[in-house]
Amino acid sequence: MNILAIDTSNQVMGIAILKDGLLAGEYTTNAKKNHSVRLMPAIDQLMKETEMTPKQLDQIVVAKGPGSYTGVRIGLTTAKTMGWALNIPVTGVSSLKALALQAQLTNAAICPFFDARRGLVYTGLYKNKDGTLTLEENEVNILFTEWLKKLADRGEPVVFLSPDIELHRPVITDYMKDLAIIPELVSHYPRAGYLAEAGAMEESEPVHALTPEYLRLVEAEAKWLEQQGKN
Amino acid sequence: MGETMTKNDVYILGIETSCDETAAAIVKNGTEVVSNVVASQIESHKRFGGVVPEVASRHHVEQITMVLEETFQQANMTAEEMDAITVTEGPGLVGALLVGVNTAKALAFAKHKPLIGVHHIAGHIYANRLVKEFRFPLLALVVSGGHTELIVMHEHGSFEVIGETRDDAAGEAYDKVARTLKLPYPGGPHMDRLAAEGEVNIDFPRAWLEDGSYDFSFSGLKSSVINTLHNAAQRKEILRDEDVAASFQASVVDVLAEKTYRAAQQYDVKQVIVAGGVAANKGLRKALNTKFADAKQELLIPPLELCTDNAAMIAAAGTVAYQQGHRAGWDLNANPSLDLERYGKRESKQ
Ligand SMILES: [Zn+2]
């Protein structure tokens with residue numbers, strides 16, 4: 001089973017290749033640079049280094065969001081098109097779940113999150129249940145303080161994971177006190193190897209039906225819906 | 001397809017997502033449409049009264065693989081049979097362009113095919129080559145929601161922009177006036193329809209600009225229409241929408257036809273090509289046909305489905321780029337403000 005995994009949903013760009021189920025190569029950068037320019041050259045290079053050709057791939061796994069709208073689309077478009085062209089399944093995995101996998105061995109609840117500006121975050125709550133990471137609280141786009149209050153009320157320890165952890169460390173400790181577990185810095189960046197592994201165990205959708213998980217409506221659409229409600 | 005395919009035939013896939021149409025097409029030898037699929041988003045954008053870029057990008061991702069599949073099915077061909085994958089690189093909405101560009105890269109990578117970026121306006125011009133072979137030098141009038149340009153071509157793949165709009169594009173002026181008249185989106189076709197029923201009885205300005213200039217300006221005209229409507233409303237005068245549309249259209253079309261005619265004579269071209277969404281406008285078609293009735297130039301206006309955004313035009317322009325040796329790297333990016341002249345002068349790399 002050969003898998004190509006792609007994550008361009010946030011600033012971290014990750015690619016991994018599993019060959020016969022084993023990690024053959026992984027590429028991770030954390031740079032404020034253009035994913036569209038860098039993704040395909042990186043895939044090309046990693047494929048060469050792992051001596052893999054597109055035809056040998058059996059599955060593509062992609063982080064389907066939430067995250068940067070454009071970033072999510074670059075990954076998903078690439079994955080869908082490759083999957084369609086090669087006639088192999090494409091599996092979309094939540095970008096938050098991909099991040100939560102960094103702490104999958106803990107028994108504590110895991111809260112991955114991405115900053116979504118103006119005090120908002122994309123987040124959800126995961127927990128390791130008999131060796132599989134399962135969703136405890138649905139993924140949402142929410143005010144972080146509101147979310148933290150909810151987590152504090154659960155009264156159990158929570159591991160926080162986020163590339164934006166430093167921005168939010170004070171408010172987390174403020175709300176969670178000693179229930180907050182914040183690991184060392186490298187754990188806060190998703191790794192495509194984990195994404196590939198998670199994707200191998202998830203169901204893949206028909207490639208045409210696979211769409212990004214934005215967790216947020218386009219502003220114009222939200223306004224339009226509001227208008228419809230009033231009429 | 002098997003029997004008719006000879007070794008020298010070139011089959012090019014085109015992908016176009018620069019605005020609100022998700023499109024793919026296969027073109028043979030740069031002159032023949034094999035299949036041409038356009039998934040329009042107009043219905044979705046109607047409720048907003050215009051194209052919302054983020055909504056357009058979202059639709060592109062949802063549609064693109066289905067559009068590709070349909071394109072190959074209609075042609076009864078496979079991606080393996082393509083000589084190259086070509087895609088609109090710009091100009092356009094960046095988020096929308098990115099979907100097409102990344103689709104093209106992924107497909108070219110998966111199938112080991114050459115990848116080529118194409119300029120959207122070069123595409124509009126080359127839509128005409130799907131109707132009739134080019135004869136150089138030729139003059140192209142490109143009129144759309146985003147463009148109003150006069151372009152001289154001395155040979156394939158080279159573009160000299162001799163005139164362009166200094167403010168609004170012709171199509172943009174149409175849309176804005178249509179909105180003032182409270183016509184549904186997209187306004188252009190409604191204006192054209194109303195104009196046909198109206199009388200040219202309001203004297204709107206025509207911006208000729210300096211002597212000998214092939215540039216255009218439509219913002220003054222647009223303001224004049226809006227002021228005229230406003231003043232009439234204050235005086236409780238009633239202007240017929242049909243007459244406003246007819247008078248506005250006469251003003252736009254006069255300038256477009258006259259400047260195109262003058263440029264055609266000065267550059268002594270063999271063909272005059274009309275391209276872009278506004279080329280579908282009946283008023284413009286009529287004015288140009290009249291203007292060029294006795295001219296020595298041949299006037300080419302493509303059928304409606306090739307005027308609006310489509311991917312056959314991208315594949316047609318892409319075929320020339322392919323034959324001239326242009327190849328993009330895996331780092332190909334969307335370029336929302338890609339320059340046409342510079343695109344024509346880019347170095348080919350094999
Ligand atoms: Zn166009």
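The model is predicted.

**Stop 1: the domains of chain A**

Begin by selecting residues 3–95 together with 190–221 of chain A, which the domain assignment gives as domain 1. Colour residues 96–188 of chain A separately, for these are domain 2. The C-alpha centres of these two domains of chain A are 23 Å apart. Where they touch, domain 1 of chain A contributes 18 residues and domain 2 of chain A contributes 16 residues.

Next, show a surface on each of these domains. Between them, domain 1 and domain 2 of chain A bury about 1500 Å², with 57% of that area on carbon and sulfur atoms.

**Stop 2: a salt bridge within chain A**

The count of salt bridges between the domains of chain A is one. Select Glu202(A) and Lys97(A) and display their side chains: the two form a salt bridge, in which the closest N and O atoms are 2.8 Å apart. Eight residue pairs are in polar contact across this domain interface of chain A, both residues being at pLDDT 80 or more. Then highlight helix α6 of chain A, residues 192–201; with four residues, this helix supplies the largest share of the side of domain 1 that touches domain 2. By class, that side of domain 1 of chain A comprises nine nonpolar, five polar and four charged residues.

**Stop 3: the domains of chain B**

Turn now to chain B. In UniProt, an unreviewed entry lists residues 32–315 of chain B as "domain: Gcp-like". Select that span of chain B: its end C-alpha atoms lie 10 Å apart, and it is 48% helix and 16% strand.

The domain assignment divides chain B in another way, with domain 1 at 11–126 + 307–344 and domain 2 at 135–301.

**Stop 4: between the domains of chain B**

About 1700 Å² is buried between domain 1 and domain 2 of chain B, and carbon and sulfur atoms give 71% of it. Select Ile125(B), Cys307(B) and Glu341(B), the residues of domain 1 that lose the most area to domain 2; together they account for 33% of what that side buries. Zero salt bridges are found across this interface in chain B, while five residue pairs are in polar contact, both residues being at pLDDT 80 or more.

**Stop 5: where chain A meets chain B**

Finally, show both chains. Their contact takes 33 residues from chain A and 29 residues from chain B. The area buried between the chains is about 3000 Å², with 67% given by carbon and sulfur atoms. Two salt bridges are found across this interface. To view a salt bridge between the chains, select Glu221(A) and Arg47(B), whose side chains meet at 3.1 Å, N to O.

On the chain A side, highlight α1 (35–49), α2 (69–86) and α7 (219–230), each supplying at least two residues that touch chain B. Among these, α2(A) gives the most, with 13 residues. This side of chain A has 20 nonpolar, eight polar and five charged residues.

How values were computed:
Residues numbered from 1 in each chain as written. Chains lettered and ligands numbered in written order. Predicted model: local features only at pLDDT ≥ 70, side-chain atom pairs only at ≥ 80, totals over all residues. Heavy atoms only, no water. Domains from an automatic or database assignment. Contact = heavy atoms within 4.5 Å. Buried area = accessible area lost by both parts, 1.4 Å probe. Salt bridge = Lys/Arg side-chain N within 4 Å of Asp/Glu carboxyl O. Polar contact = N/O pair within 3.5 Å; in protein donor to acceptor, adjacent residues only side chain to side chain. Nonpolar A, V, L, I, M, F, W, Y, C, P; charged D, E, K, R; others polar. UniProt positions renumbered as here; feature names shortened; annotations may be inferred.
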